[in-house]
There are 2 protein chains.
Amino acid sequence: MRQLRSLVTPERELRLSVEAVDTPPPGEREVLVRVEAAPVNPSDLGLLLAMADVSQAVAGGSLDDPTVTAPIPEPVMRSLAARVGEAMTVGNEGAGVVVAAGASPEAEALLGHKVGFIGGATYGEYCLASPRMCLQLPEGANAVDGASSFVNPLTALGMVETMRNEGHTGLVHTAAASNLGQMLNRICLADGVPLVNIVRRPEQARLLREQGAVHVCDSSESTFEVDLVTALKNTKATLAFDAVGGGTLAGQILNAMEAAIVAPDAPYSRYGSDVHKQVYVYGALDPRPIELRRRFGFAWGVGGWLLTPFLARTSGEDLVRLRQRVAAELTTTFASHYTDQISLREALDVETLQRYARQATGEKFLLRPQG
Amino acid sequence: MRQLRSLVTPERELRLSVEAVDTPPPGEREVLVRVEAAPVNPSDLGLLLAMADVSQAVAGGSLDDPTVTAPIPEPVMRSLAARVGEAMTVGNEGAGVVVAAGASPEAEALLGHKVGFIGGATYGEYCLASPRMCLQLPEGANAVDGASSFVNPLTALGMVETMRNEGHTGLVHTAAASNLGQMLNRICLADGVPLVNIVRRPEQARLLREQGAVHVCDSSESTFEVDLVTALKNTKATLAFDAVGGGTLAGQILNAMEAAIVAPDAPYSRYGSDVHKQVYVYGALDPRPIELRRRFGFAWGVGGWLLTPFLARTSGEDLVRLRQRVAAELTTTFASHYTDQISLREALDVETLQRYARQATGEKFLLRPQG
């Protein structure tokens, strides 16, 4: 089988290749999926591209065995030390058919079925998966429908679940025009959860408003901070999920939440309001440090949030409920749209790589490993 | 009665004065304390001095009615907007005798007794307090012993309680040579809790080591980051309490915790370790923004921590246990030492003010409102 690999060399070079490797047999509690489609998500690009300077990407290798290389900036290398020299598999999720299964009942039950799944190596012709991390696709759904049925849907649902579990009643979301953001907007509209969408450009604001979003704040507008306070007053949102994770945005959100909570004529308190304000950082679109300018008192938190630990904290019963919803609404609430479909080999094409590396709004790539 | 007041004027001026005001009668669930001693803590100075430039302080008023004024820097004024024009009372805690009590049994029970207490206006001859916020001093203790019996002891105990409640097994403390820090060191030594003390100067490191501290890291040393990782490996501390709250220190602690957790030969994970690392910010010694350089994965949190919400979360039973410990160890574990005792009027003396405003290590002022 062929499998995409990402290598960081000691010479500060990223090298992508397609390797011929043995197809792995499933263990007792595993299934083997023939991968038909896998999305290119920002979380995949972090591992795939290792923050290399792809504007300097160069094609190499042979016709039969092409590679692409790109230099990695010096300051970035420190955070990559642990992966130097290891040609890593890539691809968080995908969809395909279970072609082999271990002896355990959960694994056997999936044999022959079409699934969306998390695998960690979905950028290859075959991939192992745990049955717990598989979502059996509903009748009639194909691999393209199911390719993004795990990470984004369960992340978006996980945000709403976290809101409820931690006693908040409204949400803020940054980079809100992303596929994930649009999904969250649909969930919040359906469930009546007040949502403040923060975007970075007017066309993103338009796109969300066309999809029914009520509160949209554009950080490129001069009125952004005032708009944000108004939206927070209207929604009473005290929990934000932030994909940006660098610069001043997380702190701006906390300050705006505090400004929305404290009445203008309230007596002065040097400790701020006693309403807890929380930002969970789940991405790193901006590699700069997080900068918090404290005008938000002492009832606040900023922290990391990831899907996998959320799933680990969630009861089996709740997980079934969430997965059933994803299956039932796969082509509506949880639909993803792709602008480009590429093969494993096309993923190594310099121009194509530079396009998907941009993560431009409205552009979304789907890898077809069998192609 | 005389009472110290702190006023911020619209002209960006801080004005301190001693006002003659009516002695307030206690409500049903209140007591009136004749204040004999009140400490000057960093948390008091924030309110008292409003971040004014005290190097430019000027004496004013009359002989009978002295004042002191100092200019407030422009950038600071924004955060003070809510207190402009209001001559605020000052003083978080103190000790004295309950001279009047409301009709409720809890209040009446304290009449005639010597208490340490939280009041919010202890820089005055008399102050109201809630019985819940009073600690009856043990036989033989005087007001100087009891002046700091509430905030620092319960804050230090609250840090250890929080550590246990949230599943950590060791602590990091910044500004660790403070009165509070020395107290925490004594508690941790007594309770066998591994503690990493972070200080900013060699003499502070010496002071803590003389008091038996095992792990002391001096941020002025060139080896600080390496020392910190070593101390964190030895203590397995994953929770820090940070009084500094500005600059890069909180992020350095998280990065050092992550480096101590992840073995050098561990496989690369772009999400970092799954061990939760937490920093609680309980002060603001450094007014700069908090800057987090993320090399600590996604299992992390930074948040505000304050004594009052901690006490509100704590069960009555646990509170009794904590207060009994403070009373029993008032002159040992929880002893505070003062280098200067000043009257209300002396608090307005320009030179004296400039001295207590410095918050120098080893210097600690006690206000004697009856003097």
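Predicted model: local features only at pLDDT ≥ 70, side-chain atom pairs only at ≥ 80, totals over all residues.
An open sheet of 12 strands includes strands from chains A and B. The order of its strands is β13(A)-β12(A)-β11(A)-β14(A)-β15(A)-β17(A)-β17(B)-β15(B)-β14(B)-β11(B)-β12(B)-β13(B), and the pairing is mixed.

Within the chain A part of the order, β14 (residues 239–242) and β15 (residues 277–281) run parallel and are joined by four bridges. In this pair, A:Phe241 stands opposite A:Tyr280 of β15(A). On the chain B side, helix α9(B) packs on the sheet and touches β11, β12, β14 (239–242), β15 (277–281) and β17 (300–304) of chain B. The direction of α9(B) makes about 160° with that of β15(B). Helix α6 (residues 179–191) of chain B also packs on the sheet, in contact with β11 (171–173) and β12 of chain B. Its direction makes about 160° with that of β11(B).

Two of these chain B elements, β12 (195–199) and α9 (249–261), are the elements that give two or more residues to the lining of the second largest pocket. The space in this pocket is about 160 Å³. Its lining consists of 15 residues, and those nearest the pocket centre are B:Arg200, B:Ser219, B:Val244, B:Leu249 and B:Gln252. By class, six residues of the lining are nonpolar, six are polar and three are charged.

A second open sheet, in chain A, contains five strands in the order β4-β5-β2-β1-β6, with antiparallel pairing. β4 and β6 (88–89) of chain A are its edge strands, each pairing on one side only. Strands β4 (residues 58–61) and β5 (residues 66–71) of chain A are antiparallel and share four bridges. They form a hairpin with four residues between the strands. Helix α1 (residues 42–49) of chain A lies across β1 (2–9), β2 and β6 of chain A and runs at about 100° to β2(A).

For residues 27–138 of chain A, UniProt gives the feature "domain: Alcohol dehydrogenase-like N-terminal", from an unreviewed entry. In the model, this stretch of chain A is 17% helix and 38% strand. Its end C-alpha atoms lie 26 Å apart.

Notes:
Residues numbered from 1 in each chain as written. Chains lettered and ligands numbered in written order. Heavy atoms only, no water. 1 Å grid on protein atoms, 1.4 Å probe; cavity = no way out; pocket = protein on both sides within 12 Å on 5 of 7 lines; lining within 4 Å. Points joined across faces, edges and corners; volume = space filled by probe spheres on them. Nonpolar A, V, L, I, M, F, W, Y, C, P; charged D, E, K, R; others polar. Pairing = 2+ DSSP bridges. Contact = heavy atoms within 4.5 Å. Axes fitted to C-alpha atoms, helices over the stretch in contact; angles between N-to-C directions. UniProt positions renumbered as here; feature names shortened; annotations may be inferred.
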